[in-house]
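Open your viewer and get ready to select residues as we go. Each stop below says what to pick and what you will find there.

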Amino acid sequence: MEIRIVDYNQYEFSVTTSFDENSNNSMIRWLQINGTTNNKELLQVLNAFQIDLNDNSIKPSFKQYKDYLYLNIPITSNAVHPEYINLIFNKNYIITITSSTYQSFRTMENRIYESNKIRCNTTDFLVYCLLDLILNEQFVSLEKVSTRIAKLDELLMSDSNISSGNFLTIKKEISSFKSIWRPIREIINNIIKSDFVSTDNITYFKDLQDHANQILDIIDSLYDEIANLYSLKDSIENKRLNDTMKILTIVSTIFAPLSFLAGVYGMNFSMMPLVNYKYGFAILITIMLVVVSGLLLFFKRKKWF
């Protein structure tokens, strides 16, 4: 288990990698716990903050306790197998728990160091910044999905034979995005209603709600887009099948009368018309050509080809 502690206020900023229960009350503490494979060690750290973490949820969730708020938020671009962050905070500290190192936290540390606005603000503002960072990353992930859909559209329009699995994989991924992110709006709304967000920062969390709404709108749009594209693929494949069946029908229809004539004159009866006639074979071939020409003309007028 890796521990990283960021302590800061308006005038000071420090980063340490060793856990110390005695923190400076004049500074805000952000405790990052990464690689939580040792549950006993994790519980020891949480007990120091008098936190009883019993939530093993694998979906977005919100819980309000007497002394802190608990959030479970997805942080990965892999919607089918998402990774979650446990975020716990009150007015004195923030604790983030992840199963692996989340590199974007390093970006946030730099922002804290460089931004007086963050260092002069309360813990809930840092929570807003973290959630805003996570939500913005989802826009990037959805943009990648949109690019993949656009490439499928190009391949489909170029008459390429695309497997249905390509469409179903993206459709499943978008459905997973939808199920993961739909609860986020309610979670943000619960944060706003809690006692752990200052009045001055409510506006920022309402901005997060707008971002969450935009994400869900994009997800719905992408889902409709891939569904329509899959329907178009089915229509194109059905047209190709119909064209093939039409050609086979034309060929079968043309050869049916020819097979009939060939079958009749193949019965070897001696008293048949044209059997002993000098030009009998030529006449039969002429009749066959007339039949074929007539059928082709008929199909042409019917616009079968």
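Which helix holds both Asp243 and Lys239, and how many residues apart are they? Keep in mind as you look that this is a predicted model. Select the pair and you will land in helix H7, where Asp243 and Lys239 sit four residues apart, about one turn of the helix. Their side chains meet in a salt bridge, with 3.1 Å from N to O. Color by accessibility if you can: Asp243 has a relative accessible area of 30%, so it is partly exposed, while Lys239, at 53%, is exposed.

**Stop 1: another pair on the helix**

Stay on H7, which covers residues 202-264, and select Lys233 and Glu237. These two are also four residues apart, about one turn of the helix. They form a salt bridge whose closest N and O atoms are 2.4 Å apart. Is Lys233 buried or exposed? Its relative accessibility is 3%, and because the cut-off for buried is under 20%, Lys233 counts as buried. Glu237 has 30% relative accessibility, so it counts as partly exposed.

**Stop 2**

Side chains of opposite charge can pair when their charged atoms come close. In this structure there are nine salt bridges. For one that joins distant parts of the chain, select Arg29 and Asp7.

**Stop 3: Arg4 and its surroundings**

Now move along strand E1 to Arg4. With a relative accessible area of 18%, Arg4 is buried. Show the side chain of Glu109 as well: a polar contact of 2.7 Å connects it to the side chain of Arg4. Leaving aside residues up to four places away in sequence, Arg4 touches several others, including Val15, Trp30, Gln32 and Arg106.

**Stop 4: the sheet**

Switch to a cartoon view and follow the strands. In what order do the seven strands of the open sheet run? The order is E2-E1-E3-E7-E6-E5-E4, and the pairing is mixed. At the edges are strand E2 (13-16) and E4, each of which pairs on one side only. Ignoring direction, neighbouring strands of this sheet are turned by 15° against each other on average.

Zoom in on the E4 end. Strand E4 (residues 61-64) and strand E5 (residues 69-74) run antiparallel and are joined by four bridges. The two strands form a hairpin, with four residues between them. To see who faces whom, select Ser61, whose bridge partner in E5 is Asn72. Then select Gln64, which stands opposite Leu69 in E5.

Next, bring helix H2 (residues 104-114) into view. H2 lies across E1, E2, E3, strand E6 (84-89) and strand E7 (93-98). Relative to E3, H2 runs at about 165°.

**Stop 5: the nonpolar cores**

Hide the cartoon and show nonpolar side chains. Which residues have the most contacts inside the largest nonpolar core? They are Trp30, Leu126, Trp181 and Phe205, in a core of 58 residues. Helix H4 (residues 123-157) gives the most to this core, with 15 residues.

Center on Leu126 and display its contacts. Not counting residues up to four places away in sequence, Leu126 touches Tyr8, Trp30, Ile94, Met108, Ile112 and Ile118.

Finish by selecting Ile285, in helix H8 (residues 280-301). Its relative accessible area is 31%, so Ile285 is partly exposed. Now draw a distance line from Ile285 to Asn213, C-alpha to C-alpha. How far apart are Ile285 and Asn213 in space? The two are 74 Å apart in space and 72 residues apart in sequence.

Key
Residues are numbered from 1 along each chain as its sequence is written. This is a predicted model: local features need pLDDT of at least 70, side-chain atom pairs count only at pLDDT 80 or more; totals for chains, interfaces and linings use all residues. Side-chain values use heavy atoms; hydrogens and water are left out. A salt bridge is a side-chain nitrogen of Lys or Arg within 4 Å of a carboxyl oxygen of Asp or Glu. Buried means under 20% relative accessible area, exposed over 50%, partly exposed in between (1.4 Å probe, protein chains only). A nonpolar core is a set of buried Ala, Val, Leu, Ile, Met, Phe, Trp, Tyr and Cys residues joined through side-chain atoms within 4.5 Å. Contact means heavy atoms within 4.5 Å. A polar contact is a pair of N or O atoms within 3.5 Å; within protein, one must be able to donate a hydrogen and the other to accept it, and residues adjacent in sequence count only if both atoms are side-chain atoms. Two strands pair if DSSP finds at least two bridges between them. Axes are lines fitted to C-alpha atoms, for helices over the stretch in contact, and angles run from 0 to 180 degrees between N-to-C directions.
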